[in-house]
Amino acid sequence: MQLSTKDMRNPESPELPPPAPRNQEEPTLDVILIRLGEFGRFQLTVFFLTCLPMLMNAVSSVTFVFTAGNVAHRCNISECDGPDSAYDDAWTKFAIPMKNHDPDQCQRYVPRSISNWTKPREGEQYCTADSFDSKVLQNCPSNNFVFRDEELTISNDFGIYCDDEWKLTLTGTINNVGQFFGIPLGGLISDKYGRRNALALGGLLSAIFGIIRSFTTSYMPFLLFEFLDSLANSSIYSVCFIIGIELVGPSKRVFACSVITVIYALGEMLLALVAMYFSNWRILLRIFYIPALAIGSYFWLLPESIRWLFSQEERETEAVDILKRAARTNQRRLSDLTLDKLVLANRAKLGAANQIGGRSPIREAFGKLFFRIVNCSVCWVVTALVYYGLSLNSVLLDGNKYYNFMLIAFVEIPACFIPCLTMDRFGRRYSFSAYMLISGICCFCTVLVGADHHYLRLCLNLVGKLSITSAFQVLYFFTSEIFPTNLRNSLMSFCSMVGRFGSMIAPQTPLLAKYYKNAPALLFACCALVSGCLSLLFPETSNTILPTTVHEANKIGSKKTSKDPNSSTMNLDNENTYI
C-alpha cells in the first residue's frame, strides 16, 4: 500500500472515498503521529537528546585521524642541526630528499666527508650542496628526528616511525573492526532490549573506554581500548537514525533524518577544530569523552521508541503512555478509543505474524528477502569504502590538514539536505543510483586531471564527497524502509556490519599509491559505478508506510500492492495498513 502524505493532511480531497464511520476506523501509528503533529515539540525534545550521542559517534569513528596521525618530521642531521635549528632550514634541501615539497621523513643523503665537520657558527651556512652525495641515501639513524610543530600523537609519543608506520594505519582498521562486531551486537540489543537502552549503554561504555585510552602508555593498550570504544559506540548512529525514522510522521521522515546526520558532520568539524588548538592526543580525547559520560542519564531521560514498544506485546501500555505524553507535549487531543483500536489492531498483526510458517523472523527474512539483503550489503560496502576513503585521504591533501578535514566534513551538511529534494520527487533508488554514479565519475576525473591542477582536483574531491555522503544518507533511509519493524535495526545493522569491510579497507588504500598513484581513485570510481547500477534492482519505497512483518516487507514493490508514488488514494480500513 502506498500513501500520499498530502492527502493525509487533506482528508476532504475530492479524490478520496468517503471517510469510514468513526466506529469502523482502524487507525495506524502513522496516522496517529500525523494527528499528534509529525514533528512537534515532543519529537524536537527527543532529537535534541540524540545530538550528544550522534556527535560522539562522529568523534569515535574518525578520532584516530588525529590521535594516530603521522606527525611531520625529518632526520636530525647531526652535521648541521644545532639547538635552534628549524624543520625547514634552507640547507635541508641539500641534506634530505624532498617528497611532495616536504623533506623526506625517514631518509637523508649520505655526507661526503664528516671527519673534519664542526658545528656551524651562528649566521654561518656550513651545510651546502657539496656536503652531501645526493645519489646515495641512508635511513635516519636511531630514529633521531626534528619535528615541524608541537603536535603530539601516538606516533611521537610511543616512538612509531618509518618502518613501523603500519601501526598507525592499523589503528583505523582496528577501529572499523570494532564497528564490524559492535554494529550487529548493538542492533540485537536495540531490537531485544529497546532503542533507549542500546543508546545509553553504548554511549556510556564508549565514554569510559575513551577516557581510559587517554591514559595508556604503550601501543597495545591503546589499540585495545580503541577497539572497545568502537565496539561500544558503533551502533549509536543507526540507533539514533532508527529513533528518527520511527518517531516522526511519514512526510517528515526525510527532513528528520537529515537533521540527525547534520549533527554527525558537525561532530567531525568540531573534532578537527578542537584538534587544531589542542594538538596533544591525550587532552583531545578527554575534552570529548568526559562530557560524554552524561549519556548514561539517557536510561531515564530518553523515551523509548513507540514502534519498538508496539512490537513487544507486553509493552503496549508503555507505548500508549508515551503517545499520551506526546499528545500533551504537542498540545493535541488523542481519544482513548483511538488508542484502544490501535492496540487491538497491533495485537492482531503480531499474532498473525507469529503464526506464519512457524519460523523465526530472521530465518524468514533471509529466506524471502535474501537478494535484497545481499544487494543492500554490497551497497553498504562500496559506500563505506568511498566515503571513508575520501575522508581519510583529505588530511594528505596540500595545505592545512585541519582545514582540509573541516572542509571535507562541511560538504556533508548540504549533502544531508540535498536528498530531501530528490528522494520524494524521484524516488529512493533513483536518487541513490544517481549519487553513486556522480561520485564515481568525480573519482575517475581526478585520475585524468594532472597533479599540477591542485584546486581542480580538490573541487572534484569535494563534489565526490558531497555525492557519496548524499548516497549514504539515502542508503540509511532506504535500508530502514525495506525491512520490517521487528527486524529493522537488526537487518540494518547487519548490512552496516558488512559495510565495515569497506571502511576497514579504506585506511589501507594509500598503500596502493606506492604501486600506482591513482590506484585509490580508480578503485573508488569502479566500485561506485557498479554499485550505482546494482541499486536500480531495489524496490521503490517512496510514500509507503513502514512494514511491520517480513510478509509485508516482501510485498513492497509488488504489482499487487504498489501504486504510483504520486497516488492520492488512502484507505484506513485496508487490511494491509501498517503499524
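The questions and answers below walk through a predicted model, from its disulfides to its helices and a few single residues.

Visitor: How many disulfides does the count come to?
Guide: In this predicted model, a pair of cysteine sulfur atoms is taken as a disulfide when the two lie within 2.5 Å. Cys75 and Cys140 form such a pair, and another disulfide joins Cys106 to Cys162. By this rule the count comes to 2 disulfides.

Visitor: Which parts does the disulfide of Cys75 and Cys140 tie together, and how many residues apart in sequence are they?
Guide: The sulfur atoms of Cys75 and Cys140 are 1.5 Å apart, and the two residues form a disulfide. Cys75 lies in strand β1 (residues 73-75), whereas Cys140 lies in the loop between β5 (132-139) and β6 (145-147), so the pair ties together parts whose separation in sequence is 65 residues.

Visitor: Is the disulfide of Cys75 and Cys140 left-handed or right-handed?
Guide: The answer rests on the torsion about the S-S bond, which for Cys75 and Cys140 is about -70°. Both Cys75 and Cys140 are buried. Given that torsion, the disulfide of Cys75 and Cys140 is left-handed.

Visitor: Where do Cys106 and Cys162 lie, and how many residues apart in sequence are the parts they tie together?
Guide: A disulfide joins Cys106 to Cys162, with an S to S distance of 2.0 Å. Cys106 lies in the loop between β3 (102-103) and β4 (107-111), and Cys162 in the loop between α6 (154-158) and α7 (166-193), so the parts that this pair ties together are apart in sequence by 56 residues.

Visitor: What is the torsion about the S-S bond of Cys106 and Cys162, and is Cys106 buried or exposed?
Guide: The disulfide of Cys106 and Cys162 is left-handed, because the torsion about its S-S bond is about -105°. Cys106 has a relative accessibility of 18%, and the cut-off for a buried residue is under 20%. Cys106 therefore counts as buried.

Visitor: Which cysteine sulfur is nearest to that of Cys379?
Guide: Cys379 is buried, with a relative accessible area of 0%. Cys379 is in no disulfide, and the nearest cysteine sulfur, 6.5 Å away, is that of Cys376.

Visitor: Which cysteine sulfur is nearest to that of Cys442?
Guide: Cys442 counts as buried, at 9% relative accessibility. Cys442 is in no disulfide, and the nearest cysteine sulfur lies 6.4 Å away and is that of Cys445.

Visitor: What should helix α20 span, and how far apart are its end C-alpha atoms?
Guide: Helix α20 covers residues 412-426, and at 1.5 Å a residue its 15 residues should span 21 Å. Just after α20, Gly427 takes a positive phi of about 95°.

Visitor: Which residues of α20 are buried, and what covers them?
Guide: The buried residues of α20 are Glu412, Ile413, Ala415, Cys416, Pro419, Thr422 and Met423. What covers these buried residues includes α11 (253-277), α18 (370-392), α19 (401-410), α21 (428-448) and α22 (454-481).

Visitor: Is α19 roughly parallel or roughly antiparallel to α20?
Guide: The axes of α19 and α20 come within 5 Å and cross at roughly 10°. That crossing makes α19 roughly parallel to α20.

Visitor: Which residues of α19 and α20 meet, and how do they divide by class?
Guide: Ile408, Ala409 and Phe410 of α19 meet Glu412, Ile413 and Pro414 of α20. The residues of this contact divide into 5 nonpolar, no polar and 1 charged.

Visitor: Where is Gln331, and is it buried or exposed?
Guide: Gln331 has a positive phi of about 60°, although it is not a glycine. The place of Gln331 is in the loop between α15 (316-329) and α16 (336-355). At 63% relative accessibility, Gln331 counts as exposed.

Visitor: Which residues does Ser155 touch, not counting residues up to four places away in sequence?
Guide: Ser155 has its place in helix α6, and at 0% relative accessibility Ser155 counts as buried. Leaving out residues up to four places away in sequence, Ser155 touches Gly69, Asn70, Val71, Ile160, Tyr161 and Leu168.

Terms used. Residues are numbered from 1 along each chain as its sequence is written. This is a predicted model: local features need pLDDT of at least 70, side-chain atom pairs count only at pLDDT 80 or more; totals for chains, interfaces and linings use all residues. Side-chain values use heavy atoms; hydrogens and water are left out. Helices (H or I, at least four residues) and strands (E, at least two) are DSSP runs, numbered from the N terminus. The expected span of a helix is 1.5 Å times one less than its number of residues. Buried means under 20% relative accessible area, exposed over 50%, partly exposed in between (1.4 Å probe, protein chains only). Contact means heavy atoms within 4.5 Å. Axes are lines fitted to C-alpha atoms, for helices over the stretch in contact, and angles run from 0 to 180 degrees between N-to-C directions. Angles under 35 degrees count as roughly parallel, over 145 as roughly antiparallel, 65 to 115 as roughly perpendicular and the rest as oblique. Ala, Val, Leu, Ile, Met, Phe, Trp, Tyr, Cys and Pro count as nonpolar, Asp, Glu, Lys and Arg as charged, and the others, Gly among them, as polar.
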